[in-house]
Amino acid sequence: MAKDERTVYIIGHKNPDTDSIASAIAYANLKKETGHPNYIAARCGNVSSETQYVLDRFSLKAPKFVGDVRTQVRDMDLRKIPSVSEEMSLREAWKMMKDNKVVTLCITENKVLKGLITTGDIMESYMGEYNSNTISEAHTSYVNIVDTVDGTLIVGNISDIQTEGKVLIGAGTPDVMEEYIKEHDIVILGDRYESQLCAIEMGAECLIICAGAKVTKTIQALAEEKNCKIITTLHDTFTVARLIYQSLPVRHFMKTENLLTFKQDDYIEDVHPIMATTRHRYFPIVDSSGNYKGMVSRRNFLAAGKKRVILVDHNEKSQAVNGMDSAEILEIIDHHRLGTVATTKPVYFRNQPLGSTCTIIYLMYQEARVEITPQMAGLMLSAIISDTLFFRSPTCTEMDKQAGKVLATIAEIEPEELAKSMFTAGSNLGNKTPDEIIHQDFKKFSAGKSNIGIGQISSMDNNELSHIKEMVLPELEAAVNKDGLDMIFFMLTNILKESSEVLFFGQKAEIILETGFNVTSKNHQSVNLPGVVSRKKQMLPTITNTLGQ
């Protein structure tokens, strides 16, 4: 069985935090080191200030942005049928279709799709009625004419174009020929010297000498003097007369209007209804600039494979990338409660009660016996520090601390200095809007019949947290409406004091906090929760249990 080399996206949750981004990058690197280069890190949200600091510090780029994992046209196998020039002859186009077993060719100019020609168009052209001027009306090149009649140009310039005159057979005596040969005509002849001479004298543009007949040097010299081309061919007169119209350029018959094309970024579910309204067997695919990329058949569309993903740092459907229901989930690596993501078949699922997903990734490096570089060590250490609030969170375990110690040694970093720099960068929100601050580290959860959102900002500076509170508090109602929530909670966590002030909005939000944590709110806007710093282990379980009661 052939190895599947399709891209696999390793992706964290929406509004990704440092652990989400770092675990995607570190796990993709582990996959690469174990022989899987098609596994790449991805993200479905913006990078926070804290995370950007970490990426910059360790000279890493943010993962590829993937906002939707529904199947796209680009996920299908394109047939790389070369595009053709509009000057290609009908004969050559037909041959190319036959060789490639396709019924459509794409005509491009500077890579941009310009038109289409099908076998039906060519067959219709053969059945149509040609007048004797068609070759010149189509501005047919002599390259096409010579190639189509399997001839050799012995006099004249093959790069010329036939723009005037008609095609005729030089039958009859010279006296008769003088009556119907005009200037610029193409005359199909045999070996009769006097007929060749007459055609040249009457100003013919080209003589096609059939049946391999010899052309005297006198005729050749006269033709050159009169600017008359001479083509010789082994075919007989009848065959040449039949073939010559196959030299017409596809430009003369191609379709240029109302072309049915699809873009690489189009989603399959949007394409199917359009495709169902036509009987085309092949469809051209273009990029966002209109450049031709290949063709797909109707069968390709119907058998399109799903995007393949690995989820890290989450397993809640509400937190997952858009279009998750249409994707194929291969693995889930997480350290949160079991959520609502469902799979159609068994997957590798690793869930451990640790403080950070990167601690799990660290263990997987150890198990695979893959050396951790200082760069990867610094990245994973940053994620562990971020998720455990510098090992102060109740979610922090001995394994997190051990992993942090080993990673700090590999990266040659002082963890406390790294923590201060990270948290300072994370709480320095600069020109961000209140809505951006709310959603910087924000997760949605389903608790019973309620949809709740919990955001968090951590800092070592209490004045900074007070400033953030002033900005965020008036915007909570708008966030509830925008995100379709029943209630929202926003944690302002002081890392040094190991406590949080929780802002809230929603019909039951106040009573849930007061009941669950046995506290009294301040001005019906916030509560102080000493010792509460973890969204995962303290906030969410308490809210969920209280709602259940």
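Let's start at helix H20. Helices (H or I, at least four residues) and strands (E, at least two) are DSSP runs, numbered from the N terminus.

A word on the source. This is a predicted model, where local features need pLDDT of at least 70, side-chain atom pairs count only at pLDDT 80 or more, and totals for chains, interfaces and linings use all residues. Residues are numbered from 1 along each chain as its sequence is written, and side-chain values use heavy atoms, with hydrogens and water left out.

Back to H20. Buried means under 20% relative accessible area, with a 1.4 Å probe and protein chains only. Just after H20 comes Asn518, with a positive phi of about 55°.

Now the whole protein. It has 21 helices and 23 strands. The radius of gyration, taken over C-alpha atoms, is 37 Å, well over the 24 Å that the globule rule gives for 549 residues, so the protein is more spread out than a compact globule. That rule is 2.2 Å times the number of residues to the power 0.38. The C-alpha trace spans about 120 × 50 × 45 Å along its principal axes. Of the 549 residues, 52% are buried.

Next, cavities. A cavity is a set of points on a 1 Å grid over the protein atoms alone, where a 1.4 Å probe fits but cannot get out; lining residues have an atom within 4 Å of a point. Volume is the space filled by probe spheres set on the points, which are joined across faces, edges and corners.

How many cavities of 30 Å³ or more does the search find? Two. Helix H21 (535-548) is one of the elements that supply at least two lining residues each.

The second largest cavity holds about 50 Å³. Among its lining residues are His314, Glu316, Arg337 and Leu540.

Notes. 1 Å grid on protein atoms, 1.4 Å probe; cavity = no way out; pocket = protein on both sides within 12 Å on 5 of 7 lines; lining within 4 Å. Buried < 20%, exposed > 50% of the residue type's maximum accessible area, 1.4 Å probe, protein only.
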